[in-house]
Amino acid sequence: MPKQYVTHEKEVGNMIRIAVVEDEKEYQGRLDAYIKQFEQENGQSFQVTFFKDGLDIVDDYKPVWDIILMDIKMKHMDGMEAAEKIRRSDPAVILIFITTMAQYAIKGYEVDALDFVLKPITYAQFSMKLKKALVLLKKKEEKYLLLPVDERKERVSTNDILFIEVKNHNLHIVSRNKTYVMRCSMQQMERELAECHFVRCSNSYLVNLKNVTGVRKETVMAGEYELPVSRPKKKQFLKALSDYLGTGYL
């Protein structure tokens, strides 16, 4: 078997992506069957990818998963070590550990795991944990961008982005902690973030209204940064900010 394979993938919008990291063939088959049963009973669709070892999912990890079901005891890299590495670039993915002993799962809190499933796994137990994960996914309703860092990608919440600046044909995406640089048009990014309360204050800046800390005559404060508000964009920008904050701001 290759190190990973995809099973029962469907072309459905807003597909929830699940990674199953499990080295025992018996449990791979059982989890696959349980997920299919859950889909049929709940009218849910998943894209499921199986990995044989923690090392396989960590190698060239891309933060695209919504849920990871992670076995703890594996040959090359155990689930706890794999989870620690994943958390460095992916704070959003929901982790559920699969283990033979409950005490192993206690360490899961160190990597912000949602829960654990005890072997031998029953469908009733599995279904309950998966429903819990789906409820959490729905509550989060946060949009994330995959942004380049050296040779890898990092998943960044739009809530943490202060503003985006176009400079020398690149976008400089300024978050609370760091700045990411990527090749993309401002128009494309503006469309992608239209529902996340990002608004242009000038041709060069796209501002996250959630992180506006103040407005002056010709500038807007985003965190500790002071950005220019251009005359053509001023009226539209201030109206968008007023609508976002509620009546009475302006």
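Which residue forms a salt bridge with Asp-160? The partner is Arg-176, and the closest N and O atoms of the two are 3.3 Å apart. A salt bridge here is a side-chain nitrogen of Lys or Arg within 4 Å of a carboxyl oxygen of Asp or Glu. The pair links distant parts of the chain, 16 residues apart: Asp-160 is in the loop between strand 8 (152-157) and strand 9 (161-167), and Arg-176 is in the loop between strand 10 (170-175) and strand 11 (179-182). Asp-160 is partly exposed, with a relative accessible area of 31%, and Arg-176 is partly exposed at 49%. Buried means under 20% relative accessible area, exposed means over 50%, and partly exposed is in between (1.4 Å probe, protein chains only).

## Basis and overall picture

This is a predicted model, in which local features need pLDDT of at least 70 and side-chain atom pairs count only at pLDDT 80 or more, while totals for chains, interfaces and linings use all residues. Residues are numbered from 1 along each chain as its sequence is written, and side-chain values use heavy atoms, with hydrogens and water left out.

The chain has seven helices and 16 strands. Helices (H or I, at least four residues) and strands (E, at least two) are DSSP runs, numbered from the N terminus. The C-alpha trace spans about 65 × 35 × 35 Å along its principal axes. Of the 250 residues, 49% count as buried. The chain exposes about 13600 Å², of which carbon and sulfur atoms supply 49%; accessible areas come from the Shrake-Rupley method with a 1.4 Å probe, and for residues only the protein chains shown count as cover. Among contacts with a separation of 6 or more, 56% come from residues 24 or more positions apart. Contact means heavy atoms within 4.5 Å.

## Salt bridges

The count of salt bridges comes to 14.

| Pair | Distance |
|---|---|
| Arg-30 and Glu-26 | 3.0 Å |
| Lys-36 and Asp-32 | 3.5 Å |
| Asp-160 and Arg-176 | 3.3 Å |

Arg-30 and Glu-26 both lie in helix 1 (residues 25-42), four residues apart, about one turn of the helix. Lys-36 and Asp-32 are also four residues apart in helix 1, and therefore separated by about one helical turn. An α-helix has 3.6 residues a turn, so residues three or four places apart point the same way. Arg-30 is partly exposed at 23% relative accessibility, and Glu-26 is partly exposed at 49%. Lys-36 is partly exposed at 33%, whereas Asp-32 is buried at 13%. Elsewhere, Glu-22, Glu-24, Asp-71 and Lys-119 are linked in a network of salt bridges.

## Nonpolar cores

A nonpolar core is a set of buried Ala, Val, Leu, Ile, Met, Phe, Trp, Tyr and Cys residues joined through side-chain atoms within 4.5 Å. The largest core has 24 residues, of which Ile-18, Val-20, Phe-46, Ile-67, Leu-69, Ile-121 and Phe-126 touch the most other members. Two or more residues each come from strand 2 (16-21), helix 1, strand 3 (46-51), strand 4 (67-71), strand 5 and helix 5 (123-140). Helix 5 gives the largest share, six residues. Leaving aside neighbours within four places in sequence, Phe-126 is in contact with Leu-31, Tyr-34, Ile-35, Leu-69 and Ile-121. Apart from this core lies another, of 21 residues, among them Phe-51, Ile-57, Met-80 and Phe-97.

The buried residues of helix 3 (residues 79-87) are Gly-79, Met-80, Ala-82, Ala-83, Ile-86 and Arg-87. They lie on the same side of helix 3, because they cover an arc of only 160° around the axis, taken from the directions from the helix axis to the C-beta atoms. Asp-78 caps the N-terminal end of helix 3, with a side-chain oxygen 2.9 Å from the backbone nitrogen of Met-80. Ser-89 is in the loop between helix 3 and strand 5 (94-99). At 9% relative accessibility, Ser-89 is buried. Beyond its neighbours within four places in sequence, Ser-89 is in contact with Tyr-61, Pro-63, Arg-152, Lys-153, Glu-154 and Arg-155.

## Asn-208

Asn-208 is found in strand 13 (residues 205-208) and is buried, at 0% relative accessibility. A polar atom of its side chain lies 3.0 Å from the backbone oxygen of Thr-158. The side chain of Asn-208 also reaches the backbone nitrogen of Lys-210 at 3.1 Å.

Notes: Polar contact = N/O pair within 3.5 Å; in protein donor to acceptor, adjacent residues only side chain to side chain.
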